[in-house]
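Biologist: Hi! I've got the model open and would like to go through it with you. Can we start with the packing?

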Amino acid sequence: IHRTILYGGIYLYPADNKSPKGKLRLLYEGIPMAMIIEQAGGIASTGYFQGKIQRVMDLVPDEIHAKCPIIMGGKRDVQVVFNHYKDKMGVDAPAL
């Protein structure tokens, strides 16, 4: 995420069929990166996970190695991903 903060852009590690819960560990990777991104003025989201789009910081780990998908970056770039969810999947995506 260092480059994302310095140069802009987006960091994606979404859930997929092979890893439906994502691959990054929530306690050691997801929440710390989300805290840094949000403090820098960006957005840290799980994307479409557990039936809704939500902030990484709102997740509560149910085990020590709980995993989550990650979509983080500037508001404009994350909004592009949210618009894709809205247009292609019909998911209610928040406006940033």
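This is a predicted model: local features need pLDDT of at least 70, side-chain atom pairs count only at pLDDT 80 or more; totals for chains, interfaces and linings use all residues.

Biologist: Noted. Which residues have the most contacts inside the largest nonpolar core?
Modeller: They are L26, A44, V56, C68, I70 and M72, in a core of 13 residues. At least two residues of this core come from each of α2 (26–39), β3 and β6 (70–73).

Biologist: And which element gives the most to this core?
Modeller: That's α2, with four residues. Apart from this core lies another one of nine residues, including I43, I71, Y85 and A93. As background, nonpolar side chains in soluble globular proteins tend to be buried together.

Biologist: Let's stay with α2. Which of its residues are buried?
Modeller: L26, G30, M33, A34 and I37 are the buried ones in α2. Looking down the axis of α2, you'd find them within an arc of 115°, so they line one face of the helix.

Biologist: What do those buried residues pack against?
Modeller: The buried residues of α2 pack against α1 (2–7), β1, β2 (24–25), β3, β5 (67–68) and β6. Just after α2 comes G41, with a positive phi of about 100°.

Biologist: OK, new topic: α3. How many residues does α3 have, and how far does α3 reach?
Modeller: α3 has 15 residues and reaches 20 Å from its first C-alpha to its last. That is close to the 21 Å expected at 1.5 Å a residue.

Biologist: Which α3 residues are buried?
Modeller: V78, Q79, V81, F82 and Y85 are the buried residues of α3. They fall within an arc of 160° when seen down the axis of α3, so they line one face of the helix.

Biologist: What about the other side of α3?
Modeller: There you have R76, V80, D87 and K88, which are exposed.

Biologist: And what covers the buried residues of α3?
Modeller: The cover includes β1 (10–13), β3, β4 and β6. After α3 comes G90, with a positive phi near 75°.

Biologist: Now aromatics. How many aromatic pairs does a search of the whole structure find?
Modeller: One aromatic pair turns up in the whole structure. The pair is Y48 and Y85, with ring centres 6.5 Å apart and planes at 45°, so the pair is tilted.

Biologist: Which parts does the pair tie together?
Modeller: Y48 lies in strand β3 (residues 43–49) and Y85 in helix α3 (residues 75–89), so the pair ties together parts that are 37 residues apart in sequence. Y48 counts as partly exposed at 36% relative accessibility, whereas Y85 counts as buried at 12%.

Biologist: Nice. Where does Q50 lie?
Modeller: Q50 lies in the loop between β3 and β4. Although Q50 is not a glycine, it has a positive phi of about 60°. At 59% relative accessibility, Q50 counts as exposed.

Biologist: And Q54, is Q54 buried or exposed?
Modeller: Q54 is buried, with a relative accessible area of 13%, and it lies in strand β4 (residues 52–55). A polar atom of the Q54 side chain lies 3.4 Å from the backbone oxygen of F49. Leaving aside neighbours within four places in sequence, Q54 is in contact with S45, T46, G47, F49 and L59.

Biologist: Last one: where is P94?
Modeller: P94 sits in the segment after α3 and is partly exposed, with a relative accessible area of 35%. Setting aside neighbours within four places in sequence, P94 is in contact with I53, Q79 and F82. From P94 to F49 you'd go 14 Å, C-alpha to C-alpha, and the two are 45 residues apart in sequence.

How values were computed:
Residues are numbered from 1 along each chain as its sequence is written. Side-chain values use heavy atoms; hydrogens and water are left out. Buried means under 20% relative accessible area, exposed over 50%, partly exposed in between (1.4 Å probe, protein chains only). A polar contact is a pair of N or O atoms within 3.5 Å; within protein, one must be able to donate a hydrogen and the other to accept it, and residues adjacent in sequence count only if both atoms are side-chain atoms. Contact means heavy atoms within 4.5 Å. Rings of Phe, Tyr and Trp (its six-membered ring) pair if their centres lie within 6.5 Å; planes under 30 degrees apart count as stacked, over 60 as edge-to-face and the rest as tilted. A nonpolar core is a set of buried Ala, Val, Leu, Ile, Met, Phe, Trp, Tyr and Cys residues joined through side-chain atoms within 4.5 Å. The expected span of a helix is 1.5 Å times one less than its number of residues. The arc is that of the directions from the helix axis to the C-beta atoms.
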